[in-house]
Amino acid sequence: MWAPAGPSVVPLADLVRECAAAASAAAPDRRIAIEVRDECLVTGDREELRRAVSNLLANVLTHTPPQSPATVRLARVDGRPVLTVEDEGPGIGGESAAFAFERFYRDPAAREREGSGLGLSIVRAVMAAHGGSAELRSSVSGGTTVTLAFPPRDGGGDASLPAPAGFPSDSHPPRSASPPAAGDLGPRTPAAPPREARKRKSMATLLYRIGSFSYRRRWWVLGAWLALVAVAATAALAFRAPLNDTFEIPGTEAQEASDLLADRFPERSGGSVTVLVRAPEGESVLDEGYRNAVGATADELAGIDGVEEVTDPFALVDDARRSHEEGLAEAEEEARAQARETAGEQVPEGTPGREQVLDRAGEEAAARVAEQAPAFDEAEVAREVPLFSESGRALLLQVQLTEADAEVAPETVDAVLDAGGAARDAGLDVEFSGQALTLPSVGLSAGEIVGVLAAVVVLVLNFGALVLAGLPVLVALVGVALGMAAVLASSALWDLTSTAPLLAVMLGIAVGIDYSLFVLSRHRQQLAGGMDPHESAARAIGTAGSAVVFAGVTVVIALLGLNVVGIPFLGVMGVAASVTVLTAVLGAITLLPALLGVLGTRVSALRVPRLGARSERALTAEHTLSSRWSRFLVKHPVLPAVAVVLLLGAASVPALDMRLGLPDASTAAQDTAERRAYEATAEEFGPGSAFPLVVVADLTDSGDRPGAAEEIAERVEGMAGVDEVSPAVLNGREDTAVISVVPGGGPSEESTQDLLHEIRAERGSLERATGAEVTVTGSTAAAIDISERLTGALVPFLGIVVGLALVLMALVFRSVLVPLKAALGFVLSAGAALGVTVLVFQQGHGAALLGVESAPTLLAFLPILLLGTLFGLAIDYEVFLVSRMREEFVHGAAAEEAVVTGFRQGARVVTVAAVIMVAVFASFVFGHDETIRPIAFALAVGVLADAFLVRMTLVPALMALFGRAAWWLPKWLDRLLPSVDVEGEALGRAGAAREAGRGATRTAP
């Protein structure tokens, strides 16, 4: 038995209302009547008394049918407060009733249910400690009545006692309270309430107030949102900086070599553009007519502002011609002088006509030299110039820019792309390539718009009303508008790639619609139960909004965690996406209740015939597809669980062959100028010609610097996989040399990667032989370095994400097995998403059906980005689904029944949310950005697998297998973990108590 925790005045009426309200919140369909005739102040331990009353009501909910009503009566009988709890049965027989107050006693009819018993021994112990009694009357057909009789208070009735204030609202007894010795009914010293319980306000309460304020001050909130969007949009227009698609990772060899070149070769620090000029099939650019057109194009390019110089291969041919002519002239002059000298020796001075003889001898000698000298062969010389193709059909113009690729003015880019009119007029094809010409843009294509429309259709099918369907989309779009404006306004502070805004838009729209959907679904259920719209909106923000905030913060943390890997452009992508996710959360908890305040009771306006009625019936239906599916999983959990694990495991197998790389011209869309230029260049000059490896030799410590550079070039030329090596180019101080190495394969092929590794492996030998420090850079080397850095960061990042999942799930669900199950499900979903993406985008299976291009490598930052993003989304579904199961369990439902009931309540909204998210992600697969397409595909597959296979199949099956053990948590860990009320249970009890209190006051006689 327990003794009361010290003398304190307890208003039994308030306590009864709170406990009845909590029971009503746990079983909204159950009718619980409250009849309070007297306030009935007693002296005792409020928390122990609450425990006793809650136990009685929990027995009613657990051991009687859902349609069976209950009545709680409180009155003063002969000066004693008497509390009765009645139900209409079925009850228990007289023989069983005699043992009802035994510890852990269970009626035989209820033994198939999980639980420790009726728990009435606790009730009797509490009443005995307070000097009262507990009695039970029950019959199988007549129901059960439990009567609690309290002793009379000294001093008379309630009116003479001052009403106490400041009672705690926590329904759980203090952990430090311990039962006294057996038979000890005296008072014990109460444990001091935890400081957190006295001072901390729950997140649910705060969100409830935010929701209530937004609903009440709707026009202020709407005006604030409008002002924020306007200010952010204005700032974006004023401060937006050009997007930069240059991928850099500090600390890589390629980046360090590039920095050395910028310092030692300042004239080469600017960007470059390659112009391919190609004659029609069967003709040669060396034809005189084409030559003039190429010269005019080169002159046009050289005159553009921002162009440093243009290398014209015909100029190189002309230089060779001049060298040939100058050499011939020197030979003729030398032959002429030698012939005159020889003739002069034979013709004595003073001989008449001597000078004429000498001149004639010299001219004849010069003529013989000219006749014997080989003629200048322009075609042969052109074959020796690397800028001419071997077939002579094409040539390259090298354009050196004054600014770096990312800093080239748009006017310069436009002028370069507009050049070449003379060549085109002559019948030549002109194609441009180069990083400087990539003009990133942010915008939605028709595919993305179709995705949003698909989301609207799904919402209409779910809600059956156009207004309800439009609200989540409107809130999501406004949130994305604010977030994107903020990102673009601050783009001058960071190097924003073109992929970052698209990723931010994609995630912002997807989570924005889903978060508003969760809140709206709760609001709609409460309205169907007769709740006032204002109270319902505030309560929905406090309950579903709590889960939204937790889920959103989880996604933001995961995205910001991308900065941990130390890759700047990847971190920027995470920051940009986290901004739109954050604004989506803010929209769901402030803008949405404001819009609900404007609509009021008209929130379900513009109902769609048939769909509206069907949607309303689904709110109260118990025998649904989800309930049947969950019951099947609970009865037969092993086979579905094993099938899901095997299926997702098989889908993950292709990920073992994953090769990573960065996007380049070879992976661009077929219809882009960049791809056409690459393919034409590869066809005429070889696949590696457009992306050579750049060997940089630091000759500072070399004795013979030109000789050292030449030896390095010769050694590299002899390596396997080399197609061509250009002569070394030294800077003005001759302390640095640049050697261009053309691989035999393309930039994404394994042979090129092997060549890079071989050059670096021979670095020690080269340095010992020449005294030069050798490094390799260039776009291909940089891409390989970045890919290898990202691959190395993949496993540590996965460990961080899984560890974070375990901690967060332990906080939310107070369990050991549930976090492990959640982490396992996430790993399976992520593995399947990567495997299927490799299957389509790297191996090409099904690529044609989706209209996408396969490539030898997968986007290097896709795996880490997928892990960070999918982690947050998977936690969303876990929270929204499993929290309902936990809520049912803690309110007394058996473990298996809690799985079924919780799944039925959460499955519909999770299904709709997942379908919407998949639709949005899939729409970006058919968009215009080749970089975002595999990311969107992987996310769509990941969400599809996680929502439907993991969360809605594997999770309930494993929960059924775990049983009560699913909610086991060691006591020491329970004390360490802070309490996180994600579903706002405390708020639900407090709000229900207010309503029940008002209803009880009305029903009292």
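Let me start with a question: which strands does helix 10 lie across, and at about what angle does helix 10 run to strand 10? Helix 10, residues 313-346, lies across strand 9 and strand 10, and its direction is at about 105° to strand 10. Before going further, please note that this is a predicted model.

Four strands make up an open sheet, in the order 9-10-8-11, with antiparallel pairing. Strand 9, residues 307-311, and strand 11, residues 429-433, are at the edges; each has a single partner strand, so one side of each has no neighbour in the sheet. On average, neighbouring strands here are turned by 20° against each other, direction ignored. As a reminder, strands of a sheet pair through backbone hydrogen bonds, either parallel or antiparallel.

Within this sheet, take strand 8, residues 272-278, and strand 10, residues 394-401. They pair in the antiparallel sense over seven bridges. If you want a place to look on the screen, find Val273, which stands opposite Val399 in strand 10.

Next, a helix pair. Two packed helices are described by the angle between their axes and the distance between the axes. For helix 18, residues 533-560, and helix 27, residues 779-813, the axes come within 11 Å and cross at roughly 160°. Helix 18 is therefore roughly antiparallel to helix 27, given that angles over 145 degrees count as such. The crossing of helix 18 past helix 27 is right-handed. Which residues make the contact? From helix 18 they are Phe550, Thr554, Ile557 and Ala558, and from helix 27 they are Phe797, Leu804, Leu808, Met809 and Val812.

One backbone detail. Most residues other than glycine have a negative phi. Glu734 has a positive one, near 55°. Where does Glu734 sit? Its place is the loop between strand 15, residues 729-730, and strand 16, residues 736-743. Glu734 is partly exposed, with a relative accessible area of 37%.

Last, the totals. The protein chain has 34 helices and 18 strands. Of its 1005 residues, 54% count as buried. The chain exposes about 43500 Å², and carbon and sulfur atoms supply 57% of that area. Among contacts with a separation of 6 or more, 80% are between residues 24 or more positions apart.

That is the end of my part.

Conventions:
Residues are numbered from 1 along each chain as its sequence is written. This is a predicted model: local features need pLDDT of at least 70, side-chain atom pairs count only at pLDDT 80 or more; totals for chains, interfaces and linings use all residues. Side-chain values use heavy atoms; hydrogens and water are left out. Helices (H or I, at least four residues) and strands (E, at least two) are DSSP runs, numbered from the N terminus. Buried means under 20% relative accessible area, exposed over 50%, partly exposed in between (1.4 Å probe, protein chains only). Contact means heavy atoms within 4.5 Å. Accessible areas come from the Shrake-Rupley method with a 1.4 Å probe; for residues, only the protein chains shown count as cover. Two strands pair if DSSP finds at least two bridges between them. Axes are lines fitted to C-alpha atoms, for helices over the stretch in contact, and angles run from 0 to 180 degrees between N-to-C directions. Angles under 35 degrees count as roughly parallel, over 145 as roughly antiparallel, 65 to 115 as roughly perpendicular and the rest as oblique. A crossing is left-handed if the near helix is turned anticlockwise from the far one by less than a right angle, and right-handed if clockwise.
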